[in-house]
Amino acid sequence: MATTDRDTVETTYPLMHHLTELRKRVVYVAIFWTLIFCLCYWQNVYIKNFITNPVEPYVKSGAIILTTLAPLEAFLASLTMSMLAALFFSMPFILYQGWKFVAPGLYKEERRYLLGFVISATFLFLAGAAFVYNFVFPLGFKFFASFGDKWGISNTWSLAKYFSLVMKLIMAFGLAF
């Protein structure tokens, strides 16, 4: 009986080797993500400006007021925002480490299909995120800001809830694409 590439991998690497390799990849990802998180938290003003940019015209005109409703809200919002930004910026490295763990156990044909899927899924996710940021947010925020004028009340939006909405929509549109 002829041995295949996969048979060779299984006989060469016992279970403990796989677990050791997995642990090594997870440690690499954790260290890299932590470094990127520290950088994102240090520069979180730029990330906050990017996230609040779609609603900025309405804040300047007074149609919307972004506020915090609890003592820790701004701090926790900046932590969450930095964590998610670090996850976003770390994703190529995370996918690469996942690839380095999985690839030795795949046939050449499977590697080619998986690599094509990862590359196309990455670009589609970015296209969905760009679509929601450039088209959905401006229209949606204009629509929601108009209610304050119609009803004669001020739109006071919680910073944490605003960030949560933005992140959920970016993830939803990115995954949908």
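Ser-158 has its place in strand E2, which covers residues 155-158. The model described here is a predicted one, and the description starts from this residue before turning to the whole chain. With a relative accessibility of 9%, Ser-158 counts as buried, since the cut-off for that class is a relative accessible area under 20%. When residues up to four places away in sequence are left aside, Ser-158 touches Thr-67, Leu-69 and Glu-73.

The secondary structure of the protein comprises 7 helices and 2 strands, and the order of these elements from the N terminus is α-α-α-α-β-α-α-β-α. The radius of gyration of the protein is 22 Å, whereas the globule rule gives 16 Å for 177 residues; the former is well over the latter, so the protein is more spread out than a compact globule. Along the principal axes, the C-alpha atoms occupy a box of roughly 80 × 30 × 20 Å. Of the 177 residues in the protein, 27% are buried.

As to charge, the protein carries 14 positive and 9 negative side chains, with the centres of the two sets lying 7 Å apart.

Aromatic side chains were examined next, and a search of the whole structure finds 15 aromatic pairs. One of them is formed by Phe-131 and Phe-173, whose rings are 5.9 Å apart from centre to centre, with 35° between the planes, and the pair is classed as tilted. Because Phe-131 lies in helix H6 (residues 108-151) and Phe-173 in helix H7 (residues 159-176), this pair ties together parts that are 42 residues apart in sequence. Both partners are partly exposed, Phe-131 having a relative accessible area of 33% and Phe-173 a relative accessibility of 24%. In the pair made by Tyr-133 and Phe-137, the ring centres are 6.2 Å apart and the planes stand at 75°, so this pair is edge-to-face. Tyr-133 and Phe-137 both belong to helix H6, where they are 4 residues apart, about one turn of the helix, and both are buried. These two residues are also members of one aromatic cluster, which is formed by Phe-50, Tyr-133, Phe-137, Phe-141, Trp-157, Tyr-162 and Phe-163.

In sequence Pro-92 and Thr-122 are 30 residues apart, while in space their C-alpha atoms are 8.8 Å apart. Lys-161, in turn, lies in helix H7 and is likewise exposed, its relative accessible area being 62%. From Lys-161 to Thr-68 the distance in space is 9.5 Å, C-alpha to C-alpha, although the two residues are 93 residues apart in sequence.

How values were computed. Residues numbered from 1 in each chain as written. Predicted model: local features only at pLDDT ≥ 70, side-chain atom pairs only at ≥ 80, totals over all residues. Heavy atoms only, no water. Rg over C-alpha atoms; globule rule 2.2 N^0.38 Å. Buried < 20%, exposed > 50% of the residue type's maximum accessible area, 1.4 Å probe, protein only. Lys, Arg positive; Asp, Glu negative; His and termini not counted. Charge placed at Lys NZ, Arg CZ, Asp CG, Glu CD. Phe/Tyr/Trp six-rings, centres within 6.5 Å; stacked < 30°, edge-to-face > 60°. Contact = heavy atoms within 4.5 Å.
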